[in-house]
Structure formats: structure tokens, C-alpha cells
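Trainee: Could you walk me through this model, one feature after another? I would like the general idea each time and then the case at hand.

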Amino acid sequence: MIAPILLKIAVEALWANRLRSGLTLLGVIIGVTSVMTIISALEGMMGAIEEDLAVLGPTTFIVTKAGGVITSHEQWMEMMKRKPIDQKSVDLVSEGCELCERTCARVGGSARLKRGNNTMRRVFIGGSTFSLVDIVDMEVAQGRFHSYEDDLYRRRVIFIGDLVREELFGDADPIGKTLRLDGTKYTVCGVAKKRGTMFGESQDDFAFIPYGTHIKQFGAPGRRGIQMMIKAVSLERLEDAMDEVRMILRAQRHVPYDKPDDFTMLTADNILEALNSLTRIFRMGLIGISSISLVVGGIVVMNIMMVSVTERTREIGIRKAIGARQQHIMLQFLFEALVTTLFGGLIGIVLGYFIAEALVGMLDMQISPSTFAMVAGLSISTGIGIIFGLYPAMKAARLDPIKALSYE
Amino acid sequence: MPLIETKDLWKTYTMGSEQVHALSGVTITIEKGEYVAIMGPSGSGKSTLMNLIGCLDTPTQGEYYLNGKQVSTMNDDELAGIRNREIGFVFQTFNLLPRASALHNVELPLIYNGSASADRAAQAESALTKVELADRMHHKPTELSGGQRQRVAIARALVNNPSLLLADEPTGNLDSKTSIEIMKLIDDLHKQGNTIIIVTHERDIATRAHRVLSILDGQIASDELTPENRRTVG
């Protein structure tokens, strides 16, 4: 019952010392803003990466010669020495793996695309079997992806990304039209749905041609090898499907039983996990460094509260003399600290969000208001208020009324 | 049952290796409705006695009963409750909150006993009316004269209808004309039935009371009725 009045008294005292309260607030705002900016920006970036990886469905995994998270030069050298994944591997897996619903071979490189006077250089040109579109979450906006027959007869058809369509065809309907890939004529069979940008890079400047056609034009994949994308029959059997593929490939590549795999298998989860663990120290470091300003903000609060308690010793004496209990005095001062930090926390959360949005916006990513960041921000500022406000408040509550009354 | 009953009160401070007795065995009894002055030179222990009677402090030894309740063994918060309900303080330096209005200052004791907001305002207003300051209740202490400030303090002391009004040199910071006004107000409060203890070193203030307790070196040196009261009694 008394708490609301004590809160009012606290707010009035803060208002009476506007300049001082404002400066204290500033300390808290700077602290919370920096932490919130970092948390929101990191969340935004991780979210964008996660979204990008979601293109690989949860039941899909990639088999490649080298890949994943490479943490040392030795590991890189070892991976480079591996035998490439070849056509034989693809055939063995597609025939032998019972838990694999679809298997797709993929190669890629960059080339020049031209139509009339419009030219695009260094566009990623993927060569893949027709099933890629079912394995990867690539949506078709117009036309179709290439088919089994296109692949079989090595037809010169091309499935293009949205940016390629825009640059080469503008507003015209591209389906059935032709373009030149390093001088060779191709017919457009379909356009992918726009994916937007990530880290400032367009995700739509690519084109896919049938696997066979790619080999015909660019030659065999050579030492880089083929990347296999495999979709398991179900999420439950994903691990089993991966084991099956592992057995087939180890047998084909004559890997001794006591040696590790000489190829890499990755799921979207693996990649994300690896990325998370790789960036964890970096992220924690950033949050840690920005937390220093939060601690400084807390020390500012404590410092001002100590001054405030000393300055108002007589007021405390008066209040105690007329019947304020220790808890009343303590709450009054704790409220002052809490109001300051909570208010500063709220402002800091909003500011931090906008700064993070601006930062992430420069990288062409979107962030949404994160509940985690808000809850974290509010609990951190409440925590700071309690931790740094408690000692001065207890000091005030324990003052001897007689000494406090005669304090000059 | 007396309002105040102390039995052999001692208050001892340790200063370095030396023990200083501020009070050495004070035994007094004050009945409800009495008007008592406590006199003594500075250092005599009268402030210590006032602090003990006002429940701002606890004795080192001895017993103190207020309204029959043993307060000498109470803890900090229990004493705060007693001060809130039973005692109204009037200080030499007024001790008002400088930023709060007269009304808010008078409301303070009611805040700590948990009164509802509407009751607080009504009671505080009526207390300010009693000290003839109803028209100044929204003024801050800095906008009031010394005499008016002391009236606000008296209103604050009365607002909870305490058993005891404890005034510590209430006219010490006032000019003689205002002192007389304030003393008249205190006399009136006594006539209305309030028990009053006034701590002073001025004889003409003390003689307005009906009984004067003189303290010297921590002990009661004399305890006598003032001449006019002797007349009425004898």
C-alpha cells in the first residue's frame, strides 16, 4: 500500500534534481544502447544466415570433397589433397542408397551472359541434374526448371535468377527467348523467385543449366569435383541415409576402417551449428565489451545514489523520526535507482534497435524487434538498478535518526 | 497508568577507552495531560533523555514504559512505529522537507502509517487549520516565516493525534515576539488535553510549564512544580 507513494516520492526527488538525474540516465542509456545494438545486430545477422540456409531443406544434406568449418591450415591442406567426388560416386549413391529420395549432382563456375547489348559478367552458372529444384528450396516464379530429358539430351536450356532476368530482359517475358552463355546460345526455360540480398550481395545473380550440358560446355569437373545434394526419405531417417551414403563412398574410395572420412557431409543444421560455435567467442566478446559501458552506467547510478543519500541525510532523519521504517527508506531510494535504470533501459532498447537496424540496413538485411533483446534489455537494466541501488538504499535505511537529524 | 515511566535509565557511550555516562540512573514518571519542561545546561544529558523519551534511541540499561508498553527493548522498526503513532516531534530547526509543501510535510506521518490518500489530505488540512495556517498550506517552507514554519512542524506533530508532544527548544530559532506566539500555541494545545514535554534552557519558557525537571550531569537535580501551580495546588 505504501509502495506507490514511495514511488511517487522517488520520482519527485528525481524530477527535483533534473540535471543530475538526466546525466545519470545518460550513463544508463549509453550502456543499454550499446548492448542492445550489439545483441540486435548479431541476432539480425544470424537470422539472415539461418534464413539463407533454410534454402536447404531439413532433410537435405550435401556431400563434397572439402567443406564445412575449416579451423586450421593443416585441415585445409588435408582437404585439398582429397580425391574429388566423381560421376561414379553420384551413380553409386543414386543406385545404392535406399533411404535417399533424390540425389542431385551439382557443378558450378562463373561465366558471361549476354543478350543483345546487355552483358553480365562473372555470373554463377550452376550445372545440376533436374532434381535440384526439388531438393533445394528454390521456387520457380515463371516457366519451369530443366527436366530429365533436358539433362539426358544435354539441351541448351537455362533457368535464370531474378537479377539476370531484370538485367537482360527488363520487363519483357523471358520464357522461350534466347541468350548467350560465353557465346553459346541458350533458351530460357524458367525464372527463379526473387531472393533479395544478403550482406549487400544479390542472391539472384545466378543461372542453372542441365548437368550434362554444363559438362559439355565447360568440361569435366576435375579436381574440384562434384557436389552432391541428397534428400533423405524423411527427417527421422536422415541420419541413416547419411550413414548409407557414407558406407557407399568409403567403399568406393577405399578408405581404411580406422581412418576418418575423406569427404565432408553437411546438413543445414551442421552448417549453422558450426557457424554458431565459430562465431560464439566473437559474439560473446562483443557483448562483453559493450557490457563494460553498462557496468560504467551502473557505477554512475551508484555514485549518484551515494551522493544523494549523503546530501539527504537530514531528510532521511526527518522521515525516520516521524515513523518511516527501514524498508520505507530503502524502497524510496531503491525506487529512485530503479526508475532511472528502467527508464534509461527503455530508451536504450529503442535507440539500440534503431542503431542496429541502421547498421544491419547497410548490409541489406532486415531485423525485427527481438523479444529476446527486449527482455534482456529490461532485465539487465532492472538488475543494474537493484545491484547498484541496493547498497546506497541500505545505507540510507540504516542511518541512525539522531545522527541524521543533526547532520549539517 | 502513567504515560511515561522510566526506571533507572542509563545511557553510556564508549569514547576510545573511556566510558561516558550521558545519563546515570534517571527515574521519572509523567502522567497523561501534564505539561513538563526539561531544563539543563548543554552537556547535562537533557538531549539524551529527550531522544530516549522520543524513542529515537534505546537506553544502555534500565526500563522505559510508554503507555504501559516496554519500549526499551524494541527494535528499530518497532520504535519507528511507536514514534509514528505515539509521539509528535517539534524541533528547534523545524526539520521540514524543504521541497515539499506545508500540506505534504504535515501528511508525512500519515504516509508511513498507511492512511488512504483522501484521509491524509483531510487530516493534514484540519491540523493546519488548528495552527491557523490553512491559507498557506500549498506554500513551501522557504516561502514561510520562521514562526509559520514552526506552526507547520507543530501541525505535523499533531496530525496523528499522538499521546505525547515532544518539543526540543521549539523557540530556539525564533525572535522573542514569534517565540511568544508559538509558546501560546503550545499552551493552548496543553489546555486542549495534549501531554507536552518541552526541552529548553530558557527559564521563562520553562516556567510556562507546570512542572520543571532539571538535569545535571546525567541525573535529575530537581523535580518541582512551577510557582503558580504550587499556588493552585497548595
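**Reading the model together**

Mentor: Let us begin at the end of a helix: α3(B) is followed by Gly114(B), which has a positive phi near 80 degrees. Helices (H or I, at least four residues) and strands (E, at least two) are DSSP runs, numbered from the N terminus. This is a predicted model, in which local features need pLDDT of at least 70 and side-chain atom pairs count only at pLDDT 80 or more, while totals for chains, interfaces and linings use all residues. Residues are numbered from 1 along each chain as its sequence is written, and chains are lettered from A and ligands numbered from 1 in the order in which they are written.

Trainee: What mean pLDDT does chain B have?

Mentor: pLDDT is the predictor's confidence in each residue, from 0 to 100. Where it is low, the predicted coordinates should not be read in detail. For chain B the mean is 92, and 98% of the residues reach 70 or more. For the complex, the predictor gives an ipTM of 0.93 and a pTM of 0.73.

Trainee: Is α3 of chain B mostly covered or mostly open?

Mentor: A residue is buried if 20 or more other C-beta atoms lie within 10 Å of its own, exposed if 12 or fewer, and partly exposed in between, with C-beta atoms placed from the backbone. Helix α3 (residues 102-112) of chain B is mostly covered, with eleven of its eleven residues buried. Among them are His104(B), Asn105(B) and Glu107(B). The cover includes α1 and α12 of chain A, along with α2 (76-86), α4 (117-130) and α5 (146-158) of chain B. In chain B as a whole, 45% of the 234 residues count as buried.

Trainee: How many residues of chain A are in contact with chain B?

Mentor: Contact requires that the C-beta atoms of two residues, placed from the backbone, lie within 7 Å. By that rule, 17 residues of chain A are in contact with 19 residues of chain B. On the chain A side, α1 (3-16), α11 (313-321), α12 (326-362) and α14 (401-405) each give two or more residues. The most come from α11(A), with four residues.

Trainee: Why does the radius of gyration of chain B agree with a compact globule?

Mentor: The radius is taken over C-alpha atoms, and the globule rule is 2.2 Å times the number of residues to the power 0.38. A compact globule of 234 residues would have a radius near 17 Å, and chain B, at 18 Å, agrees with that. Its C-alpha trace spans about 50 × 40 × 35 Å along the principal axes.

Trainee: In which sense do β4 and β10 of chain B pair?

Mentor: Two strands pair if DSSP finds at least two bridges between them. Strand β4 (residues 35-39) and strand β10 (residues 211-216) of chain B pair in the parallel sense over four bridges, and Met39(B) stands opposite Ser214(B) in β10(B). On pairing with β11 (residues 219-225) of chain B, β10(B) takes the antiparallel sense, over six bridges. There, Leu213(B) has Asp223(B) as its bridge partner. The two strands β10(B) and β11(B) form a hairpin with two residues between them, and Asp217(B) in the turn has a positive phi of about 50 degrees.

Trainee: Why does Leu179(A) count as buried?

Mentor: Leu179(A) is buried because 22 other C-beta atoms lie within 10 Å. This residue is found in strand β6 (residues 178-181) of chain A.
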